[in-house]
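Thanks for coming. I will go through one protein model, from the overall figures down to a few single residues. Please have a look at the sequence and the structure first.

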Amino acid sequence: MTLTVLFAASDANWAEYAAPLRAALDEAGLSARLTRDADPAEVDFIVYTPSSPAQDFAPFTRCKAVLSLWAGVERIVGNPTLTQPLCRMVDPGLTEGMVEWVVGHALRHHLGMDRHIVNPGRVWDPVCPPLARERPIAMLGMGELGTACARALSALNFPVTGWSRSPKTVDGIPCLHGSAGLDQALSQAQIVVTLLPKTPETENTLNVRTLALLPDGAVILNPGRGALIDDEALLAALDAGKVGHATLDVFRMEPLPQDHPFWAHPRVTVTPHIAADTRAYSASRVIAGNIRRAVAGEALLHLVDRGRGY
Ligand SMILES: NC(=O)c1ccc[n+]([C@@H]2O[C@H](COP(=O)([O-])OP(=O)(O)OC[C@H]3O[C@@H](n4cnc5c(N)ncnc54)[C@H](OP(=O)(O)O)[C@@H]3O)[C@@H](O)[C@H]2O)c1
């Protein structure tokens, strides 16, 4: 039987994914029609991004799963018409990209690279940075991305403490949970990385109270979601010197509005949601692999728990 796979995403996504996705479906031994337009009643699987024209999932009565090309699913998880299983994206290419972004920006601040790159003149100012082993890092979120980043930083000798919703055991990385665990992780962190999903529970995880727990001058790297941080509280903490620098990749509103104070703040670095893109070739294999599993009656991978919101 030939499957109908509806590609419900933007024109730009289609241009990028059409060839690798067709190749991955073939490679997985699936007979599939990959299309951007189909009778909803005949669709077996939906490949989805939030830019999708399909927002009402009720007519897709035969659909066995909605497969997100994005890791973050906050824009679809609460859709009341979605009764089909929802899988988020766990893509080796995306993970690799996130590790590089986090390690790169952590090293920028750890080594004080700006001192020499943004050189104020011919100033011989020999400040030697501490060793990584002397720079504790808190990794808020120890899922696919947080754990990979924590491992990479730990391999460079940074003492990393993980924090997640549930208790976790990760070799060489002490892991905390719960609100006491968050307070403990933050109170010793010179660098904080936020890799939590956006849910009602994680909104404003970094707020007036929790930012006050940080050692003076701590650095924040946020490649997770803008809503994880209270913007006003962060700006106040930056102005007070409590937070030394914030490198932000994600924002409550994207693109970040031109008049947002983050653009002009001397201790904020804005990157335009580029920390980690889904990579078409590896992600297409993940999608095709999950379709093959569903067809074979195996459990889907990376299933979203609607109750938790991620
Ligand atoms: N900037 C970018 O380019 C980019 C790219 C991809 C993804 N992202 C963002 O990164 C996020 C994380 O991705 P992922 O693949 O690592 O997700 P994931 O595997 O689902 O991991 C999420 C982690 O957050 C923890 N968590 C969730 N709710 C929590 C709570 N209330 N309190 C404490 N911890 C909580 C989870 O705890 P448990 O382990 O206990 O479940 C888990 O460790 C995505 O949701 C997305 O927003 C950004």
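I start with a definition: a residue is called buried under 20% relative accessible area, exposed over 50%, and partly exposed in between, with a 1.4 Å probe and protein chains only. By that rule Gly 307, at 74% relative accessibility, counts as exposed.

Two notes on the source. This is a predicted model, in which local features need pLDDT of at least 70 and side-chain atom pairs count only at pLDDT 80 or more, while totals for chains, interfaces and linings use all residues. Residues are numbered from 1 along each chain as its sequence is written, and side-chain values use heavy atoms, with hydrogens and water left out.

Now the overall picture. The protein has 9 helices and 12 strands; these are DSSP runs, numbered from the N terminus, with helices being H or I of at least four residues and strands being E of at least two. The radius of gyration is 21 Å, close to the 19 Å that the globule rule gives for 310 residues, so the protein is as compact as a globular protein of that length. That radius is taken over C-alpha atoms, and the globule rule is 2.2 Å times the number of residues to the power 0.38. Along the principal axes, the C-alpha atoms fill a box of roughly 70 × 40 × 35 Å.

How many of the 310 residues count as buried? The figure is 49%. As for contacts, meaning heavy atoms within 4.5 Å, take those with a separation of 6 or more: 64% of them come from residues 24 or more positions apart.

Next, helix H9, residues 280-295. This helix has 16 residues and reaches 22 Å from its first C-alpha to its last, close to the 22 Å expected at 1.5 Å a residue. The expected span is 1.5 Å times one less than the number of residues. Buried residues in H9 include Ala 280, Ala 283, Val 286, Ile 287 and Ile 291. An α-helix has 3.6 residues a turn, so residues three or four places apart point the same way. What covers the buried residues of H9? Strand S1 (3-8), helix H1 (11-27) and helix H2 (92-111) are among the elements that do.

After H9 comes Gly 297, with a positive phi near 80°. Gly 307 also sits in the segment after H9. From Gly 307 to Gly 146 is 161 residues in sequence and 21 Å in space, C-alpha to C-alpha.

Now the loop between strand S9 (191-194) and helix H6 (208-211), where Thr 205 is found. Is Thr 205 buried or exposed? Thr 205 is buried, at 8% relative accessibility. Leaving out residues up to four places away in sequence, Thr 205 touches Leu 140, Trp 163, Leu 182, Leu 196, Thr 210 and Leu 228. Asn 204 lies in that loop between S9 and H6, and at 26% relative accessibility counts as partly exposed.

Some backbone geometry. Most residues other than glycine have a negative phi, and most peptide bonds are trans. Asn 204 has a positive phi of about 55°, and Asn 157 has a positive phi of about 85°. Asn 157 lies in the loop between helix H4 (144-155) and strand S7 (160-164) and is partly exposed at 39%. The peptide bond from Glu 254 to Pro 255 is cis, with omega near -5°. Pro 255 belongs to the loop between strand S11 (243-248) and helix H8 (261-264).

Last, Gly 224, in the loop between strand S10 (218-222) and H7. Gly 224 is buried, with a relative accessible area of 7%. Beyond four places away in sequence, Gly 224 touches Thr 194, Leu 195, Leu 196 and Val 250.
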